Amino acid sequence: MEGEKFSLMQYSVHSILGMIDAGQFVIPEIQRPFVWKKTQVRDLIDSLYNGYPTGYIITWKNPDVHTKDGKTADGNHILIDGQQRITALMAAISGREVLDADFNKDRIKIAFNPLTDDPSKFFAVQDASHLRDKKWIPDISEIFKSDFDSFGFVTDYCNDNPDVTPKDLSKTITKLREIANRQIGVINLNHTLDIDEVTEIFIRINSKGTALSQSDFVMSKMASDAAHGGNMLRKVVDYFCHLAVKPDFYPQMIKDQEFVESEYCSKIKWLSSDYDDIYDPDYNDMLRVSFMYSFNRAKLADLVSLLSGRDFVTREYKEEIIEESYGKLEEGIKEFIREYNFEQFVLSIKGAGYKSSKLLNSQMTLDFAYMLYLKLSKDSTIPKDQVKHYVQKWFVLSTLTGRYVASPESAMSRDIRMINEKGFINYFMEVEASVLPETFWTVTLPQNLDTTSTNSPAFKTFLAAQTNMNCNSLLMHGTMISDLLLHSGDVHHIFPRAYLKNNGVDNKGRYNQVANFTILDTQVNKAVSDDAPCVYFGKVLEQCKNGNIAFGNISSEEALKANLEDNAIPFEVVNMSVEDYEEFLVKRRMLMAKMVEKYYKGL
């Protein structure tokens, strides 16, 4: 019926596996790693054996495409839910290898015991005991082979197990083989549905309410399109993201001979010795950056449509649009994975003070910054030595203002469009004047620092500012904030928590204010103990007079003043006690905001 959003079919397990072999149902060549436990595979087989329902599989039909010669090419079906179940069936019944989290190929063998009296013990994940015990059929995939010799098998089994009769065993084996005829519901979603509708249907059917991301759809589209090289591009994305997190995965990757022989293997080999974790993109990040760079768009749903060949004007699906779209996506991916580009971008982020991944909390902001780096690198109006400068400014501006936190795709789309229309420098100056007026530094930022969240962008940017400006940690000349962030340092209270709680400030929302936090050397923190600031700073002032260093390594009042400035702490703290705590917080927030302003304007 026209207008139906989906069709509901019943297919046997055997039919589904056959359709996968025939390419009618597409399972990605490189899947998201098989995440089911082996016991879940056993449970699925047990459910099928007992005739229990096993849930629906959801496919989404690729649209029929008009080819250049005027003909129509039928679209195949992409599996968008049920991949773990299908992969489990392929492993247990077809005897295929599956990919684990490191893309290693592994067999999952399910053993069967036809003699047990306990219905819950028919199946087990194969171990050495099942190979020794003649009651067990160690691998049920042997039973499902097309050349399976039932008579010979029953004869041999009965010889090994004289207590069983051929008739009873034949009956049990027939029931086991009936698993191949068990029906599984398949919901085929119409190709005319947009991603939002597909996602909504998926969430309503999926009992866990798991959301599908648009990048999942893109990866599925790529995997289903060997004709345009989509399956190889998907491999590049999968392998790059895996190597970025785990460089020692490289020996596993090069077992993929097809990928080794492609042009891409050598282009990502550099990641095998890259252990930096500042920017470890996943496939969502990689696709988003590549798409924004090559297509000047930010909505990944558009990429799904373009890879399907959709003409946004006529709403038809055309072969030439698919070809063009894959060409542009490939260009973006190649720029993304280029060692020089990636390393220079990471250097620019580190140069802005974000030397530790602890300081980063918005992957979307990083994604846009990398796209901007790629874009400005090709912009003839931007001097090459200014590219990092502008990327740093934009990244910090975006972080401080939460530019890509709410409705990120809309914000990114607008920024790309405006950069293209006005030129980056003109647009940047407009945005900066709009979102970072003087009142931002004197009012908004101090207000944003009125928080207990050490993950707040304002506090993390303050720490990045301290790192960028080579600030010493509190009471330790020569031990830098950057050193402590990268190694053993952690946030500690300037007004010790126990001191505040013992003196009536027992509300966590007050004593855990970020304006009361600083990155402190562990030994100094122990020396501070639970003393009031006037007490422990009094000891520091005393050592500045007598030269007997017992606390940190500050030996003069000038050095102490400079050290407090490095940490945006008002000098009055040396005389402060619990009565001065609220005044301290107000003053410190203002100093922290001033330091961030000085840092930003100095980038």
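**Exercise 1. The second largest cavity**

Task: How do the residues of the lining of the second largest cavity divide into nonpolar, polar and charged?

Solution. 
Step 1. In this predicted model, the lining divides into five nonpolar, one polar and one charged.
Step 2. Now name the residues. Leu44, Leu48, Thr54, Ile57, Arg85, Leu89 and Ile184 line this cavity.
Step 3. The elements that give two or more residues to the lining are α2 (38–49) and α3 (83–92).
Step 4. Arg counts as charged, so Arg85 in the lining is the charged residue.

**Exercise 2. The largest cavity**

Task: Which residues line the largest cavity?

Solution. 
Step 1. Start with the count. There are two cavities of 30 Å³ or more.
Step 2. Take the largest cavity. Its space comes to about 50 Å³.
Step 3. List the lining: Tyr354, Leu359, Leu360, Asn361, Ser362, Thr365, Leu366, Phe395 and Thr399.
Step 4. Find the elements. Two or more lining residues come from each of α17 (363–377) and α18 (387–401).
Step 5. Sort by class. The lining has five nonpolar residues, four polar and no charged.

**Exercise 3. Helices α5 and α6**

Task: At roughly what angle do the axes of helix α5 and helix α6 cross?

Solution. 
Step 1. Locate the helices. Helix α5 spans residues 150–160, and helix α6 spans residues 166–177.
Step 2. Read the geometry. Their axes come within 10 Å and cross at roughly 125°.
Step 3. Name the arrangement. Roughly perpendicular ends at 115 degrees and roughly antiparallel begins over 145, so α5 and α6 are oblique to each other.
Step 4. The crossing of α5 past α6 is right-handed.
Step 5. Find the contact. From α5 come Phe153, Val154, Tyr157 and Cys158; they meet Pro166, Leu169, Ser170 and Ile173 in α6.
Step 6. Sort the contact residues. Seven are nonpolar, one is polar and none is charged.

**Exercise 4. Helices α8 and α13**

Task: Are α8 and α13 roughly parallel or roughly perpendicular to each other?

Solution. 
Step 1. Take the angle. Helix α8 (residues 214–223) packs on helix α13 (residues 283–295) at about 80°.
Step 2. Apply the cut-off. Angles of 65 to 115 degrees count as roughly perpendicular, so α8 and α13 are roughly perpendicular to each other.
Step 3. The axes are 9 Å apart.
Step 4. List the contact. Ser215, Asp216, Val218, Met219 and Met222 of α8 touch Tyr283, Asn284 and Leu287 of α13.
Step 5. Sort by class. This contact has five nonpolar, two polar and one charged residues.

Definitions and conventions: Residues numbered from 1 in each chain as written. Predicted model: local features only at pLDDT ≥ 70, side-chain atom pairs only at ≥ 80, totals over all residues. Heavy atoms only, no water. Axes fitted to C-alpha atoms, helices over the stretch in contact; angles between N-to-C directions. Helix = DSSP H or I, 4+ residues; strand = E, 2+ residues; numbered from the N terminus. Parallel < 35°, antiparallel > 145°, perpendicular 65-115°, else oblique. Left-handed = near helix turned anticlockwise from the far one by under 90°. Contact = heavy atoms within 4.5 Å. 1 Å grid on protein atoms, 1.4 Å probe; cavity = no way out; pocket = protein on both sides within 12 Å on 5 of 7 lines; lining within 4 Å. Points joined across faces, edges and corners; volume = space filled by probe spheres on them.
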